[in-house]
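Here are my notes on this one, as promised. Have a look at the model first, then read on.

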Amino acid sequence: MQENRQQSDENHAGALMFLSGGGEVGAMMRAHDWSTSPLGHPRTWPQALRTVVGLMLNSKFPMFVAWGKELAFLYNDPYREILGDKHPAALGGRFHDIWAEIWHDIHPLIERALRGEATYADRLYLVMNRHGYDEPTWFTFSYSPVRDENGAIAGMYCACVEVTEQVLAEKYRNEENERLRGLFSQAPGIMAVLRGPEHVFELTNQSYMQLVGHRPIVGKRARDALPEIVGQGFLELLDRVYATGEPFVGHALPVRLQREPEGPLEERYIDFVYQPIRDENGAVSGIFVEGSDVTDRKLVEDELRAANRQKDQFLAMLAHELRNPLAPIMTAAQLLKLGRLDANSVANASEIIVRQAEHMTDLVNDLLDVSRVTRGLVTLEKDELDLNVIVSAAVEQVRPLIDARRHALTLQLSGQPAHVTGDRTRLVQVISNILNNATKYTAPGGRIVLAVTVGDEQVTVSVRDNGVGIAPEVLPYIFDLFTQAERTPDRSQGGLGIGLALVKSLVALHGGTVHASSEGLGQGSEFSICLPCVARAPADAANEGGGAAAGAAPDNGNLRVLVVDDNADAAQMLAALLEVQGHAVSVEYDARGALARAKNEHPDVLLLDIGLPDMDGYELARRLRAQPENAGATLVALTGYGQNQDREEAQQAGFDHYLVKPADLNEVNEVLARAEARR
């Protein structure tokens, strides 16, 4: 009897050998109360289930098997991590109850396995609740049918692996790559990645595409994508960087690109780096291109350098031009100082000084004009004028130079009124500048033709000569400041190279245009000024011609004049000039002396320098006005400052007139005539 019981126990133990091992889950299966499980006790399990469970328990790969109509759930040790808090209650339970939250996702796959079709899912997204909360997970697994001893499908078997960490890591990498790709694409500098010895475009950003003209280049060799760069040295640089592994840095290098289909080559300037890309073995596998389009910066720098060169050339020319008249002035002054000249020699020396001083005055006035025009400080006093009259006045100004060079001047006036709206003085200045320019650059005995043509909407004044002409490379810049300095660096023709720039600016202020043409050096040149015409003639044509006697020196009588200037030579020379005309003149060299003398002598007119050493001329004027003895005197500012704000400040200080040094004698006489009239 005892032997039979012992034999029965051994048989039972042998029946459970398939549950041996299996770690914690294997021990649980051996000790589990199977009375409530739809599977029943393990010793009653069919051989097919025993075989699958035996294999599963001894595997290090997460596995489970679902058996029978209710799909009772069995799993191994590695599967515990997947179950989370569902372990150990899940052992022997129903598949549906264990994974109810994902049943709608996996049930179709289960059905297919139970119909005999093995299934495979790669990175299937499942929202599981295994730790008390819903969490996204991803699994790679297969469902396989399991057959019993009769060949019928009795359950299903699963081998699975959770890939949540890998999926999240890859998702993060992809997001990071997209972010970097976005930064790469939107970077303000040009960027591109070239692969292989043929430099195939793998990546480009928007700035690079904008540089090359938004053409399809990704996937193409550099020489095919950008055929116009062949022969410009860039492909050779890429080859060198790829072969040597040494980066190349370029600064403001020019590249000619066809940025529009069938369009011309455009020159751009780029800063860039060719940086070699190395593979895991350290070999060069590509080149990273990074840089920026610096064309705008390069052009500005070139313009600044050109402007700086022009400035240096101009300063040299200015010094030259000022020294030219200073030399004869100095020589004539030294001869006069010796006191050994006869009357004719004295007169000749005086004429030289006057003539050269007038030339210097013209130079300074040109400079001031350019400064005022370029800063928008010129105010035009516009009237309705006949350009025929203006041309005649301009010719009279230049006539001495024309006669001196024996030029044949032909005037072709319109024969009808040529009415424009403009500033008479400025238009005379414009036409005389053009005519003076033609005279200087035409050899003695040459021909000059000045013509006025009236059209439907504009009046044209043209000056044509058979002089030295203009080189083609200079012609586009002929109206730029100081261009004359570049055209004739030997300064043989004189001038500062600002006359034509001044002409262009003044004509533009009148709403007109100016043009220059020439067949080349030695072929002469032609300058044309076009101004909008007005429909009707001026009411009084005589007004256009101006006062013929405006320059005549009036009879100013005998005035008491006080000259105040810290430049003794200037003060004494002006005093001598006024004394010759019959005025009683006193001289002071500082403000305090002037105040004392004015209080005692009661002068009719006071000519005051602004830049005095002890008190500026503005303050001196205010103090003179405060003296009862001089409240009605005529105060005249005589100074080298000629800006609008200087004139306004002089008016506020009490000055009646403002003259810029060196003052024209006619202007001084006109002021004195007004003072005489007041007296």
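1. What is the order of the 5 strands in the open sheet? Reading across, the order is β19-β18-β20-β21-β22, and the pairing is parallel. Bear in mind that this is a predicted model.

2. Now for the edges. Strands β19 (584–588) and β22 (657–660) sit there with a single partner strand each, so one side of each has no neighbour in the sheet. From one strand to the next, the twist averages 20 degrees.

3. Helix α19 (residues 591–601) packs on it and touches β18 (560–564), β19 and β20. The direction of α19 makes about 150 degrees with that of β19. Helix α22 (residues 665–678) lies across β18, β20, β21 and β22, and runs at about 165 degrees to β22.

4. How many disulfides does the count come to? It comes to 0 disulfides, taking sulfur atoms within 2.5 Å as the cut-off. Cysteine 158 is in none: its nearest cysteine sulfur belongs to cysteine 160 and is 4.4 Å away.

5. Is cysteine 158 buried or exposed? Its relative accessibility is 1%, so cysteine 158 counts as buried. Cysteine 533 counts as partly exposed because its relative accessibility is 23%, and the buried class is under 20%.

How values were computed. Residues numbered from 1 in each chain as written. Predicted model: local features only at pLDDT ≥ 70, side-chain atom pairs only at ≥ 80, totals over all residues. Heavy atoms only, no water. Pairing = 2+ DSSP bridges. Helix = DSSP H or I, 4+ residues; strand = E, 2+ residues; numbered from the N terminus. Axes fitted to C-alpha atoms, helices over the stretch in contact; angles between N-to-C directions. Contact = heavy atoms within 4.5 Å. Buried < 20%, exposed > 50% of the residue type's maximum accessible area, 1.4 Å probe, protein only.
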